[in-house]
Structure formats: C-alpha cells, structure tokens
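Hi everyone, thanks for making time for this. Have the structure open while I talk, and stop me whenever you like.

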Amino acid sequence: MRWVRKHLLTGYAILAFGYLMLPVAVVILFSFNAPAGRFNYVWEGFTLDNWIHWDAVPGIRDAVVKSLEVGIVSTIAATALGTVLALAIVRHRFRGRGFVNVLVFLPMSTPEIVLGASLLTMFLQAQVVTGFVTIFIAHVMFIVSYVVVTVKARLIDFDRHLEEAAMDLGAGEWTTFRLITLPLLAPAILSAALLGFALSIDDFVITYFVAGSTTTFPLFVWGAARVSVPPQVNVIASAIFLVSVLFMVGNVLWGLRASRRSREPLPQALPIPEALPQPEAA
Amino acid sequence: MTFLHRHKWLTPYLLLLPGIAWLAVFFLVPLGFLGYQSLQSGSFESGYSFTWEFSNYWDAISTYNEQLIRSFLYAGIATVIALLVAYPLVYWIAFRGGRWKNLFLILIVAPLFVTYLVRTLAWLNILADEGPIVNTLKTLGILGSDGRLLATGFAVVAGITYNFLPFMALPLYVSLEQIDSRLLEAAEDLYASKRQAFLRVTLPLSAPGIVAGTLLTFIPAAGDFINAQLLGTPRQSMVGNVIQSKFLELIDYPAAASLSFILMALILAALLVYARAVGTERLTG
C-alpha cells in the first residue's frame with residue numbers, strides 16, 4: 001500500500017505521457033498504412049510506399065515547398081524585427097514604453113481567427129490581391145511577439161559587465177555589439193527563430209484567411225480533409241515532427257554536456273516564455 | 001553617425017520603429033478596418049456602405065447566442081480539464097524529473113510539432129465508431145450499442161483539451177520549477193503534513209502559472225473552429241465556425257466582423273471576471 005502511494009504520481013505521469021503521445025503515435029503509424037479504399041482510418045497493412053512516394057498526391061509537393069518558403073522568409077524577417085525590438089525595450093528608456101509592451105503582447109492574446117479576419121478585411125478594402133506576400137506579412141506579424149518574449153528573457157539575465165569590459169579595453173559601441181553582445185545572444189535568437197519557424201509552418205487559421213489561391217501544407221490538409229486524407233499527409237507531418245524533435249533533443253543533450261563540463265545550472269533548452277508574457281505597467 | 005551621437009535619445013525610437021510599425025500597420029490598423037466593416041450595411045452584390053449599423057451587433061448576438069454560449073462552455077470545460085491533467089504531470093517533472101527534466105518537457109511540447117490539423121485528425125482514428133475506445137466503452141456498457149463519440153460535444157472538447165494542453169503545462173511548469181525547495185523543507189520542519197505543505201506553500205506559489213496557463217488555453221480555445229469542424233457536426237459548431245463561414249463562404253462581411261468583435265469583447269469580459277476572482281495583481285504581474 002505504501003509502495004502504491006509512493007509511486008502513484010509516477011504512474012500517473014506515465015499515463016499522462018501516454019495520452020500526450022497517443023495521437024502522435026497514431027499519425028506516425030498511419031503513415032505506414034496501406035489503406036484499402038480512399039479513407040486512411042482503419043489499419044490495413046504495413047507499407048513503405050507512402051514514404052517512398054511522398055509526393056505521389058497531386059499538389060502536396062508544391063504545398064510543402066510553399067510552407068518551407070513562407071517559413072524561412074517570415075522567420076528571418078520576424079527574428080530581425082523582434083530582436084531589435086527586444087534590445088530597445090530592455091536596454092533603453094523611452095516614452096511610450098507601456099504602449100510598446102501592450103502592442104507586443106496583444107497579438108499573442110487575440111484569437112487567431114480575429115487576426116486573420118481583420119487582416120483579410122484590410123486587404124479587401126485596400127484591394128490587395130492575397131497570396132504569398134500577404135501570408136508573409138501575416139506570419140511576420142504574429143511571430144514577432146514570440147521572438148520579442150524569447151530574446152527579452154535572455155537579455156534581462158545578461159551580464160553587462162562583459163560589455164563594459166570590452167568598452168574599457170577600447171572597443172567602440174558597434175564593435176562591442178558585434179563581438180560580445182550578438183554572440184552571447186545567439187542561442188536565444190536561434191531558439192526564437194526555431195520557435196518562429198515552427199509556428200509558421202504549423203499555422204492554419206490566419207493563413208487560411210490571407211492565402212488567396214496559394215496553398216501551404218496545412219491548407220492542403222484542410223482541403224484533403226473534406227474529401228479524404230491520403231497517408232502522404234501523415235508522412236509529411238511525421239517528418240516535420242521527427243526533425244523538430246531531433247533538433248530539441250540535440251539542443252537539450254548539448255546543454256546537458258555543456259553544463260556538466262562547466263558545472264553551471266541547466267540552461268533553458270526550450271524557448272519557453274516566462275509564464276505568460278505580461279505587459280509591464282506604463 | 002555624428003547625427004546619432006548628438007541625438008542619443010533617438011536611438012531607442014529608431015530601434016523600435018520597424019517592429020512597431022509592422023505591428024501597427026498589420027495588427028492595429030486591420031482591427032480598425034474590422035470595426036469599420038462591422039458597422040456597415042448592404043450586401044456583397046450591391047456593395048457595402050458605412051451607416052453606423054449597430055444592429056449588426058444585436059442581430060449577431062440574437063442569431064448566434066447558441067454558438068457563443070457553446071464556445072465559452074467548451075473552452076471553459078477544456079481549460080479546467082487541461083489544468084487538472086497538466087498539474088500533477090508537471091509537478092512530477094518539476095520535483096521528480098531530476099536531470100532529465102528538459103527531456104520530459106520535450107514530451108509535453110512534442111504534440112505541438114505535429115501539424116495542428118493532422119493531430120486533430122488523429123482523434124478521428126482514435127475515437128472512430130468501430131475503434132478500440134468506442135468498442136471498450138460499449139463492452140463496459142457505458143456507451144449504448146449504437147453510441148458514438150465522434151460528432152458529439154465530447155469529441156470536440158476532447159480535441160480542444162488535447163490541442164491546448166501544452167499551453168497550460170508550460171507556464172505551470174515554469175512556476176513550479178521556480179519554487180525554492182527550502183520553503184517546503186521549512187514547512188516540514190514546522191510540522192506541516194504533506195497535504196498542508198502542498199495546499200499552503202506549493203499551490204499558492206504556483207498560482208501565477210495557473211493564471212497564465214488558464215489564459216493561454218482559454219483564449220485560443222474560445223476562438224477555435226477546427227476541432228468543431230473536424231470532430232463535430234454543425235450541432236457542435238462554435239462562434240469561430242460561424243465567423244469563418246460568414247467570411248469565406250457566405251461573404252457576409254459585416255456580420256462576420258461584428259461577431260469577431262463580440263468574441264473579443266466576451267473574452268475581455270471573461271478575463272475581467274477572472275481577474276476579479278484571482279486578484280488583479282496576479283494577472284498583470
């Protein structure tokens with residue numbers, strides 16, 4: 001009885017992890033299914049065909065390529081904008097701080113459907129043709145806030161003595177920034193970029209509103225879901241999943257090794273915003 | 001460069017300019033357009049004109065009160081279940097995870113890296129009519145012989161709960177992880193039972209995480225339409241489904257725009273009620 005009580009929580013944790021992983025396992029499992037009819041709902045038999053012929057479904061290759069393109073360009077733009085914003089917010093005093101904090105916080109706390117609907121309304125009224133460029137605009141808009149939060153968290157813990165030392169040794173402001181600040185911020189900027197890329201290739205709702213006739217991978221899945229979802233969709237989703245998890249596990253193990261060597265506390269390996277990013281009082 | 005040196009106070013504004021301009025033009029201005037659209041009258045064929053048509057709002061509320069109530073009900077239930085499921089799990093990671101904490105955290109966020117739509121579709125397989133779960137429930141007599149889980153409110157709430165669980169778990173984890181273990185030792189030294197120590201030390205200290213997690217789960221859940229669309233039927237449709245179809249299928253922009261604002265206003269109202277209940281300082285830091 002005591003043993004049961006002692007391990008009750010561990011047992012629960014195992015069950016809960018099982019619950020979290022169940023749909024993931026189903027997605028991966030059904031990527032190897034050989035469905036008999038049009039529907040990939042019932043297990044029929046194991047095959048590697050879906051992985052080998054991942055682009056056998058018309059349109060799926062273009063959709064995946066489009067998602068990667070959108071993801072890359074909007075991540076680069078949002079990471080640059082967000083990093084500079086975070087630097088300004090943490091490093092400088094200025095009027096209108098409260099406004100800036102609220103403006104960064106608001107897009108994260110607005111339902112996606114409202115973000116998409118309002119952008120589409122503006123594009124319609126301004127007679128902008130929706131497509132790749134409008135998707136890019138929308139993605140940068142909603143990723144920027146996440147970048148600011150991630151980079152800001154690192155900047156707050158930043159040891160400014162290192163920069164002062166560089167300045168004392170005669171480095172100018174720009175040299176100090178390039179040789180000291182930027183390299184030390186690099187891990188946070190990289191986490192922010194990875195998070196932004198993940199958000200971008202996963203986004204459906206906002207993209208759905210502003211895509212016009214352009215099709216990204218999530219939009220392709222949406223279209224397919226109305227008729228029947230081919231197993232190739234599971235292949236792509238599994239591949240995205242496996243690559244992301246490899247990145248994260250690699251990041252964590254790298255952190256573990258580094259911390260063992262330097263006996264420093266465990267670094268934050270995942271870009272976790274410190275609880276809910278909150279607007280500071282003006 | 002010399003100009004900048006002379007006007008040092010300009011630096012922060014120059015740094016802020018690109019990002020803030022982007023957010024202003026592509027977030028704030030569109031909201032203005034949405035508000036403008038919500039007060040227009042007319043039709044897609046004959047064109048819309050701005051007439052301070054406040055009746056759009058009353059029409060939307062009276063026509064779609066059912067979907068509005070359902071959205072908040074589903075989102076509320078899903079948020080509570082997510083809290084109850086996530087709390088013991090992240091508690092275990094924070095206090096028993098040891099040096100593998102970060103790897104366990106990956107397991108929590110991992111579902112987010114399966115494309116949202118695909119992971120929702122996976123629940124179609126899991127809850128399928130002849131699937132293992134439905135069959136087990138039938139054998140146990142919980143579900144009637146022609147009972148099903150798909151196309152019910154249960155499936156939609158289950159989908160929402162699953163999809164937003166990581167957003168509940170992460171802030172909870174951050175707040176539990178920050179708890180100084182010496183406080184718990186002190187409680188023990190002062191003869192608190194395990195239960196007392198949890199209720200009077202751990203739980204209050206994790207309150208910021210509970211608040212943050214609740215918001216991060218509830219807000220997107222209330223606006224969601226994907227779970228209702230894929231796992232439910234029109235009888236489970238939420239306000240997001242109405243906005244989506246009015247905007248993109250029925251081309252009734254003023255109605256869709258006013259519903260969007262009603263959704264935002266109701267979320268804001270829910271936040272204020274919640275803020276009263278938990279104390280404002282916890283909500284705004």
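Before anything else, please keep in mind that this is a predicted model. Let me start with a pair of helices in chain B. Helix α8 of chain B, residues 181–189, packs against helix α9 of chain B, residues 194–205, at an angle of about 145°, and their axes are 10 Å apart. The crossing of α8(B) and α9(B) is right-handed. If you want to find the contact on screen, look on α8(B) for B:Leu183, B:Leu184, B:Ala187 and B:Glu188, which meet B:Ala197, B:Val201 and B:Thr202 on α9(B). By class, the residues of this contact are 5 nonpolar, 1 polar and 1 charged.

Next, the core. The largest nonpolar core has 148 residues, and those touching the most other members are A:Ala117, B:Val90, B:Ala169, B:Tyr173 and B:Leu259. Domain 1 (77–237) and domain 2 (239–285) of chain B both contribute residues, so this core lies between them. Take B:Val90 as one to click on: leaving aside its neighbours within four places in sequence, B:Val90 is in contact with B:Ala169, B:Leu172, B:Tyr173 and B:Leu176.

For another buried stretch, go to helix α5 of chain B, residues 116–126, where 9 of the 11 residues are buried. Among them are B:Tyr116, B:Arg119 and B:Trp123.

How do the two chains meet? There are 76 residues of chain B in contact with 72 residues of chain A. Helix α2 of chain B, residues 11–38, gives the most to the side of chain B that touches chain A, with 18 residues. That side of chain B has 59 nonpolar, 14 polar and 3 charged residues.

As for chain A itself, its secondary structure comes to 11 helices and 0 strands. The C-alpha trace of chain A spans about 70 × 70 × 35 Å along its principal axes. Of the 282 residues in chain A, 40% are buried. Among the contacts in chain A with a separation of 6 or more, 76% join residues 24 or more positions apart.

Most residues other than glycine have a negative phi. B:Trp52, though not a glycine, has a positive phi of about 50°. You'll find B:Trp52 in the loop between β2 (47–50) and α3 (55–96) of chain B. Is B:Trp52 buried or exposed? B:Trp52 counts as exposed because it has 9 other C-beta atoms within 10 Å. B:Ala151 sits in the loop between α6 (132–139) and α7 (153–177) of chain B. B:Ala151 has 16 C-beta neighbours inside 10 Å, so it counts as partly exposed.

That's my tour, and I'm happy to take questions.

How values were computed:
Residues are numbered from 1 along each chain as its sequence is written. Chains are lettered from A and ligands numbered from 1 in the order in which they are written. This is a predicted model: local features need pLDDT of at least 70, side-chain atom pairs count only at pLDDT 80 or more; totals for chains, interfaces and linings use all residues. Axes are lines fitted to C-alpha atoms, for helices over the stretch in contact, and angles run from 0 to 180 degrees between N-to-C directions. Helices (H or I, at least four residues) and strands (E, at least two) are DSSP runs, numbered from the N terminus. A crossing is left-handed if the near helix is turned anticlockwise from the far one by less than a right angle, and right-handed if clockwise. Two residues are in contact if their C-beta atoms, placed from the backbone, lie within 7 Å. Ala, Val, Leu, Ile, Met, Phe, Trp, Tyr, Cys and Pro count as nonpolar, Asp, Glu, Lys and Arg as charged, and the others, Gly among them, as polar. A residue is buried if 20 or more other C-beta atoms lie within 10 Å of its own, exposed if 12 or fewer, and partly exposed in between; C-beta atoms are placed from the backbone. A nonpolar core is a set of buried Ala, Val, Leu, Ile, Met, Phe, Trp, Tyr and Cys residues joined through C-beta atoms within 7 Å. Domain bounds come from an automatic or database domain assignment.
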